[in-house]
Amino acid sequence: MTVRKEPLWRALLDPFANIFMAVLLVAAVISFFQGSSIDAAIILAIMAVSAIIYYIQKFSTERILWALHKRNRHSVIVLRGNKQSALDASTLVPGDIILVREGDKIPADARLLDVKGLKVDESQLTGESQPVEKQSAALAKGKEAYEQTNMLFQGSFVVAGEASAVVVATGNATEFGRMALLISQPDIQGPVQRKIDKLISQIIIVAAAVGVVAFTLAVLRGMDVGESLRFVIALAVSAVPEGLPVAISVILVLGMRRMAAKKALMRNMRAIETLGALTTIATDKTGTLTKNKLSVAASWQPEDSDHFAQIIHHSINRQEKDLYDPLDIALDEYARRGTITVSKHQPMASFPFDHAISMSGNLWHKGAEYELAVKGAPEVILAHSSLSENEREEATAQLHKLSSNGYRVIALARLTMKKPIRSLAKLSDRLEFVGFVGVADTLRPEARRAIQAATTAGVSVRMITGDHYETAFHIAKQLGMVLHRDEVFDSRKMTVMSDEELEKVIEHIRVFSRVTPERKYRLLSLLKKHHITAMTGDGVNDVPALTGAHVGIAMGSGAGIARDAGDMILLDDNFKSIIDAIREGRAIIANIRRMLYYLLTTSSGEVLAMVGSLLIGLPLPLLPVQILWVNLVTDTALVIPLGLEPGEASAMRQRPRKTSAPILESFIITRIALVAIIMAAVVIGTYAYYQSIHGHLYAQTIAFSTLVVMQWANAFCARSEHESVFKRLKVINGKFFWGLAVAVGLQLLVLFSPLGGLLHIVPVAITDLLITGVIGFITPVIAVELHKLLVKKR
């Protein structure tokens, strides 16, 4: 399916439709009418180069996003030639027969053929929040989409049951596709982009005000009106960081690609900043903290029985002949080690796991009778079993024994009946208890270290599991999450607790046992009152929690509806990938701050140099075309490499940043002001000194060269907010040094080739360049090093 694309003419004009290009165009026009045709041509050439860079970066960005999009494609079970196979949903054609079950996203419009308790969420299409019950019977013609109960529509989700259906429309021919042709996805800005846009708006307002004042002062000084206008244009060019918006987009997208390489697929850029601000992670246990490779490690029966393995085998829920659930696979392997009779027939009825009653099972037809084989939560099975008081006490003791060893305990039971049942919810308390199996799941070896890393970073980790209290405590203790049992909470107590009571309890709790989806959502609601919260989930019932969390983290192996609801998808279901994503998210935001610091220091220094020269009665130390060279050539070569700096070692030892915090902290703003003042002072000082000796053009060339060298020094300072420049040299960022090499090479080309004439560069003595270069390099470095020491002491 495709949406309406941006027209080609708009895409071509896009890089020119901003305040930066408008300022440059005005500068070019004024230069042309004043007879400075070469200056006008250079400005227009720089505009063209800037647009080309924009096109290249936009193309690269879209290519990366498309690659990430392909990684998020989902497959569907298709029946072709009486053979089932998993195919990419984009390869479906009308006439294909698809098989869908709970959690699947519908890949195309399809007519239902066979339905088993199917309920579908069509809210994305119809706006109706309640799931729709589906059936396969024919309907009268002319019904609206929301009335077509025998149809499946692309983009909807199966919330219960299973079905087969024949595809009737794909792509833009579907109901959802026709809607997509009418609209395009709105560009929703994230917190970072909003803060940056606000900052740029403030810069433009300040630049406009300073420009008006400067123009007035210039005219009062007796400067020609045309020259005054050129001065104001130079000032505007100095003040506005032209390359910032595109650079930030590139950094965010490249960051998303790095996250994807670390198995964390970001579905939107807005979640990147929130990741860096997380204060707590509520995570599932199975598959995230463990490998989800289950095996039956222990079992117990009230009495030895030959039919124990057979009951296990009969209780397993199967999809045709295949098993998908790791628990069912482990139980099947265990049962086959015993004495069982493998049935050639399918059960008469299959009951998928129901969270409301914590049970699943199958109903088998045996002659004149029916046998129900069920498995589920031990407490529920025992409550429905016809046991004597002594038998119940013995079973409970064995349950605690298995749980205290860290096993996930599954209870099994059976029931012989005369008539079939349609739902496990109507079971009476007369099940025949068969026994327990203790299932072990191997902990991920990296999980403990990842939890420690999160704690060091100021992010608390809470484990939310459906396991027994003792099992949850045993596993959490192995992971280093808890030391005492009072740090584990049995969520069944929530039913008799008010929100106020529960809120007081959960603040110090790190492990929640016996959690259902409804309890999970309630816990999330309370955690969000005091924390920036991430919540993991993999099933249909986790969707409310995933959408309600500040960052919803879906498992790559989970249901399609869960993956669509999440802000981030864990491609490997590994908790460590969450911590890697937090580290990467913090690095991305830190790099954006580095770029802002670098560009704003340049802009502020240039503005102060221009205004300062006006106030003390000096000619302009820099020409507009020279400032353009610094802003669009020197800065462009260094700003994106700065945005690709490796994260600082201290990043995961700092408290999370609040999402309401400004993009630049007060100490960075102070540093910007300090370096800008020093830059302006050095530029004006070198210009004034050499003008008195060699004249205006010579002094202007020296001032221009000095400013560029100070920019190189400032780039080294910008590599870290806290670490020393010299310590940061040990951190290798090849892209930064390549960018620096390009900047140095281009500057040498301007100084020592005919190209310099276009920028009004004149020959100067090498010794003067070296002396001013050394002064220009060490002055900002010393100032920033002293400021970093002062900040550390505070």
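**Before you start**

The model is predicted, so local features need pLDDT of at least 70, side-chain atom pairs count only at pLDDT 80 or more, and totals for chains, interfaces and linings use all residues. Residues are numbered from 1 along each chain as its sequence is written, and side-chain values use heavy atoms, with hydrogens and water left out.

**Stop 1: the whole chain**

Colour the chain by pLDDT, the predictor's confidence in each residue, from 0 to 100. The mean is 82, and 87% of the residues reach 70 or more. Now select residues 182-188, where pLDDT stays under 50. For this stretch the model has five contacts (heavy atoms within 4.5 Å) beyond four places in sequence. Where pLDDT is low, the predicted coordinates should not be read in detail.

Switch to a cartoon view. The chain has 27 helices and 21 strands; these are DSSP runs numbered from the N terminus, helices being H or I of at least four residues and strands E of at least two. Of the 794 residues, 53% count as buried. Buried means under 20% relative accessible area, exposed means over 50%, and partly exposed lies in between (1.4 Å probe, protein chains only). Among contacts with a separation of 6 or more, 72% are between residues 24 or more positions apart.

**Stop 2: the cores**

Select Leu-275, Ile-281, Met-481, Met-568, Phe-575 and Phe-704. In the largest nonpolar core, which has 128 residues, these six touch the most other members. A nonpolar core is a set of buried Ala, Val, Leu, Ile, Met, Phe, Trp, Tyr and Cys residues joined through side-chain atoms within 4.5 Å. Helix 20 (residues 575-615) gives the most to this core, with 19 residues.

Stay with Phe-704. Leaving aside residues up to four places away in sequence, Phe-704 touches Leu-622, Gln-626, Trp-629, Val-630, Gln-747, Val-750, Leu-759 and Ile-761. A second, separate core has 26 residues, including Ile-357, Leu-387, Val-409 and Ala-411.

**Stop 3: helix 17**

Select residues 517-527, which make up helix 17. Which residues of helix 17 are buried? They are Pro-517, Arg-519, Lys-520, Leu-523, Leu-524, Leu-526 and Leu-527. Show the surroundings as well: these buried residues pack against strand 16 (460-464), helix 16 (499-506), strand 18 (511-513), strand 19 (533-537) and helix 18 (543-548).

**Stop 4: salt bridges**

Side chains of opposite charge can pair when their charged atoms come close. A salt bridge here is a side-chain nitrogen of Lys or Arg within 4 Å of a carboxyl oxygen of Asp or Glu, and by this rule the count comes to 27.

Select Asp-332 and Arg-336, whose side chains meet in a salt bridge of 2.9 Å, N to O. Both residues lie in helix 11 (residues 326-336), four residues apart, about one turn of the helix. Asp-332 is buried, at 9% relative accessibility, whereas Arg-336 is partly exposed, at 45%.

Next, select Glu-379 and Arg-492, which form a salt bridge at 3.7 Å, N to O. This pair links distant parts of the chain, 113 residues apart: Glu-379 is in helix 12 (residues 378-383), and Arg-492 is in the loop between strand 17 (488-490) and helix 16. Glu-379 has a relative accessible area of 22% and is partly exposed; Arg-492 is partly exposed at 35%.

Finally, select Lys-366, Glu-371, Arg-414 and Glu-432, which are linked in a network of salt bridges.

**Stop 5: two backbone angles**

Most residues other than glycine have a negative phi, and most peptide bonds are trans. Select Asp-573, where phi is positive, near 60°. Asp-573 sits in the loop between strand 21 (568-570) and helix 20, and is buried, with a relative accessible area of 12%. Then select His-760, which is not a glycine but has a positive phi of about 65°. His-760 lies in the loop between helix 26 (755-758) and helix 27. Is His-760 buried or partly exposed? At a relative accessible area of 30%, His-760 is partly exposed.
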